Amino acid sequence: MKQTRDSIKDIWGERTPYYGNWPVRVDAKVDVEPERWVQSACVLCSNGCGMDIGVKDGRIVGVRGRATDPVNHGRLGPKGLHGWMANNSRDRLTQPMIRKGDELVAVSWDEAMNFIVQKSKDLIKEHTALSIGFYTSGQLFLEEYYTLGVIGKAGLGTPHMDGNTRLCTATAAAALKESFGSDGQPGSYTDLDYAATILHCGHNIASQQTVLWMRILDRLAGPNPPKLIVIDPRDTFTAQKATVHLAPRIGTNMAVMNGLLNLIIQANAINEAYINAHTIGFEELKHTVSTYTPEKVEAISGVPAGKLQEAADILCKTDTLVSTVLQGFYQSMQATAASVQVNNIHLIRGLIGRDGCGIYQMNGQPTAQNTRETGADGDLPGFRNWGNEEHIKELAQLWNVEPAVIPHWSPPTHAMQIWRYAETGSLKMLWISATNPAVSLPQLERIRKILDQKNLFKVVQDAFMTETAQYADVILPAAIWGEKTGTYTNVDRTVHISHKAVEPPGEARADLDIFLDYAQRMDFQDKDGAPLIKWRTPEEAFEAWKKCASGRPCDYTGLSYAKLSLHDGIQWPCNEQHPEGTKHLYKEGIFNTGITYCETYGHDLDTGAANTQDQYKLFDPKGKAILKGTDYQPPHEQPDEEYPFMLTTGRLVYHFHTRTKTGRSKELNDAAPDAFVQMSEADASKNGFSEGDMVEIISRWGKAIQPVKIGGVLPGELFIPFHYGYWDDPDRVRAANELTITEWDPISKQPHFKHTAVKVRKYEQGILDKAATLIKDVKDSFNS
Ligand SMILES: Nc1nc2c(c(=O)[nH]1)N[C@H]1C(S)=C(S)[C@@H](COP(=O)(O)OP(=O)(O)OC[C@H]3O[C@@H](n4cnc5c(=O)[nH]c(N)nc54)[C@H](O)[C@@H]3O)O[C@H]1N2
Ligand SMILES: Nc1nc2c(c(=O)[nH]1)N[C@H]1C(S)=C(S)[C@@H](COP(=O)(O)OP(=O)(O)OC[C@H]3O[C@@H](n4cnc5c(=O)[nH]c(N)nc54)[C@H](O)[C@@H]3O)O[C@H]1N2
Ligand code: SF4
Ligand SMILES: [Mo]
């Protein structure tokens, strides 16, 4: 076995200190010497590191970073280096299955697809297409999402389509739309090469984007190192490197952000010329934040007034700034409102649209950007505005259908509402692709009940027998990364192509082929009676998408499979004006907020009430950015006498989500074999808990049993990683989401995974039933 380093022990590898030009370091791990290398990019987080897949005898045998790729300059992290092992796992799904009685029985593709088609037709006849919903992913390829989007919007005409991106980066999209008029990250990763200050908001980048963190570590080790501000209640790897670490109480981000903005404005560190020329709403914002003195912020958040001042001083003086925002903001109270305040810092200081100034309303999943661009999350493709009739007409023309077919009479149904419709019975068919809601949605007891309903027809399209697949009426075995060709876009808008390297196992098929097959069997037609979907291959799908994206912010018209295969990643918009792609959006200070171009007319930050086109007319920003603020609101569920702790949940460096991939790599799994509950030393000693003691954690929504891990969190707070479900340990109730609350942000509709009030007591064997409702027969799959 050859590897350039043991990335389990040495997560980030050796330093290559720099300022300006990040040196190359090629990381690799191969089991045996490959016969050939196939161009690809990693799919285990939104960083999108360029990598080659090593192939021998028709099997994946390793990976190496691509030295020339602008995203990673050859580097790979532990997940990237080890995650491919899952492809070769012997427990892959290899045949379609249909539930017959209590059994899932292997059937042919014909039988499975005909069954789904018959069911769809029956439902449409009896209940209209509004009885059919789709819950997809941030992990398919662009071509697959676009095809699915067209099926939903122009084939069936159902508004019930969303992705797990709702749990992930709905707030990224919402925050960008509220400030700049459309989705699309303003900056470029190269900003990190020059930035004097880096601000991480609720983002443990050291663990969750290890390669981007290597870039920052290399800057910290080089000349002119940046100052780092980290806002996270826990003492994370990221926080440990901070110049200033602000550790607010869980759920109090808004107060901290208002406090920072207030100090910047009070110090007159604002760029008045920029504000006047390129923004609207400054006076209101100033008024809103004016009462957030450091003392008030300290009272709300626990962040010492002096620390807030220290952070503000850095933000006042810096002439370049890169900010990243992620789940500590997106999955917490006032998610969109707080994330928008990060945009506001950049706008009022004029730190946007040039080298060294980037805002990352971060993505998490590798292809979440494409879910949003193509409309597979329910939005309209090409960042079009569902409230703008002209945008609907454009799509209708492109697809050659009547505008009325495209569901746009109300906002698209968000995932949490789709699950609610399934619960109440108006949704009768749910097609779940590339996501595992039986572990990743909040309040799992409720989700299991919904999935268990006999009158909900469930199609599950996955590569493994997940906790969710156990409930399926039909299982469709999917080919995954490495086994199919397609493109995807990372968080700094860099588009990569990933070529098929090996055949999928058994009869597993690419998601694109499955969706195309469904469209053909359903006989979806355009106005002229021709097939609605006119493409058969990934490349043809990409070409069709280019037409849809043309002239929109995410313009792909200058890209092609040939170009992407010749080059490394290229940043959209890439078109005639920008044939080599675009580093920075909004260079001239002109934003996508014009009334005919914008993706949204905006929302009230408190209630989430949406503006109509007429309301927008009253303040049409005509290309200026929108500064919006509001007051702090506490989380609805506060710790009290009965539930004295605030629980938060999140990730570990070695695992990806519900571990369907990383749990099948022996190295990654050995590095983090089980869940735990993290607790402060003070609380452990007060309650008489020692390291490793099994405790029962109880919320109003469910319970879980975990070993105690002491240190790293504030007193009164707990943390549980959410990766661990039941496929490899059906005997202990351990999923973090047994405990989480069902509520969401009023604008982005992203659930609040980051705060639930809980109590903890010593676990005594026998108090709890085993996870009886759960998986019974997935025992021997692990590490095979
Ligand atoms: N290793 C690994 N990497 C991943 C993933 C993975 O599963 N594993 N998943 C990918 C995906 S899809 C995503 S979305 C990203 C997520 O990446 P992150 O957002 O970095 O991950 P989380 O651990 O969910 O949350 C980040 C931090 O939020 C903090 N937090 C909790 N509550 C609050 C609060 O009230 N305020 C503030 N300021 N912070 C709070 C937590 O302490 C935690 O350290 O990671 C991506 N990368
Ligand atoms: N408590 C708590 N819950 C959370 C979070 C949290 O921080 N705390 N974070 C949330 C976030 S940000 C996210 S992104 C979600 C993630 O939650 P999920 O989406 O449920 O997590 P994954 O395990 O990534 O599930 C992806 C599934 O797709 C399958 N798959 C992979 N590639 C392919 C493919 O090419 N085709 C098909 N058909 N299937 C494929 C995998 O086998 C896997 O079963 O969890 C959310 N839930
Ligand atoms: S940082 Fe993300 S994309 Fe890069 S190797 Fe790690 S998991 Fe893969
Ligand atoms: Mo995510």
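This is a predicted model: local features need pLDDT of at least 70, side-chain atom pairs count only at pLDDT 80 or more; totals for chains, interfaces and linings use all residues.
The protein chain is assigned four domains. Domain 1 covers 2-88 and domain 4 covers 645-783, each given as one segment. Domain 2 is made up of 97-162, 367-487 and 498-558, and domain 3 of 170-362 and 592-626.

The interface between domain 3 and domain 4 can be described in some detail. The C-alpha centres of these two domains are 30 Å apart. On the domain 3 side, 29 residues make contact, and they meet 22 residues of domain 4. About 2,100 Å² is buried between the two domains, and carbon and sulfur atoms account for 59% of that area. Three residues, Arg-234, Ile-250 and Gln-331, provide 37% of the area that domain 3 buries against domain 4, which is more than any other three residues provide.

What kind of polar pairing crosses this interface? There are zero salt bridges between domain 3 and domain 4 by the rule applied, while twelve residue pairs are in polar contact, with both residues at pLDDT 80 or more. Four helices each give at least two residues to the side of domain 3 that touches domain 4: H5 (170-180), H6 (205-208), H14 (327-330) and H15 (335-349). Of the elements on this side, H5 has the largest share, with four residues. Sorted by class, the side of domain 3 that touches domain 4 holds ten nonpolar, 13 polar and six charged residues.

Gln-334 sits in the loop between H14 and H15. Its phi is positive, about 50°, although Gln-334 is not a glycine.

The ligand sites come next. Ligand 1 is surrounded by 33 residues, and the closest are Asp-232, Gly-251, Gln-327, Arg-651 and His-655. Backbone atoms of several residues approach nitrogen atoms of this ligand. A backbone N or O atom of His-655 is 2.4 Å from a nitrogen atom of ligand 1. For Leu-652, a polar backbone atom lies 2.9 Å from a ligand 1 nitrogen, and for Gly-328 the corresponding distance is 3.2 Å.

Ligand 2 is also surrounded by 33 residues; Asn-164, Ser-440, Asp-462, Thr-658 and Asn-737 are the closest. Here the listed polar approaches involve oxygen atoms of the ligand. An N or O atom in the side chain of Asn-164 is 2.6 Å from an oxygen atom of ligand 2. A polar side-chain atom of Lys-754 is 3.1 Å from a ligand 2 oxygen. Asn-436 takes part through its backbone, with a polar atom 2.7 Å from an oxygen atom of ligand 2.

Which residues lie around ligand 3? They are Cys-42, Leu-44, Cys-45, Asn-47, Gly-48, Cys-49, Leu-76, Gly-77, Lys-79, Gly-80, Thr-210 and Val-211. By class, this shell has six nonpolar residues, five polar residues and one charged residue. Helix H1 (78-82) and helix H7 (210-221) each contribute at least two residues to the shell around ligand 3.

Two further local features remain. The count of salt bridges in the model is 46. One of these pairs the side chains of Arg-66 and Asp-52, with an N to O distance of 2.7 Å. Asp-52 is in strand S4 (residues 50-56) and Arg-66 is in the loop between strand S5 (59-65) and H1, so the pair ties together parts that are 14 residues apart in sequence.

The other feature is a cis peptide bond, which joins Trp-572 and Pro-573 with omega at about -5°. Pro-573 is located in the loop between strand S21 (570-571) and helix H24 (613-617).

Key:
Residues are numbered from 1 along each chain as its sequence is written. Chains are lettered from A and ligands numbered from 1 in the order in which they are written. Side-chain values use heavy atoms; hydrogens and water are left out. Domain bounds come from an automatic or database domain assignment. Contact means heavy atoms within 4.5 Å. Buried area is the accessible area (1.4 Å probe) that two parts lose on being put together, summed over both. A salt bridge is a side-chain nitrogen of Lys or Arg within 4 Å of a carboxyl oxygen of Asp or Glu. A polar contact is a pair of N or O atoms within 3.5 Å; within protein, one must be able to donate a hydrogen and the other to accept it, and residues adjacent in sequence count only if both atoms are side-chain atoms. Ala, Val, Leu, Ile, Met, Phe, Trp, Tyr, Cys and Pro count as nonpolar, Asp, Glu, Lys and Arg as charged, and the others, Gly among them, as polar. A residue is near a molecule or strand if one of its heavy atoms lies within 4 Å of it.
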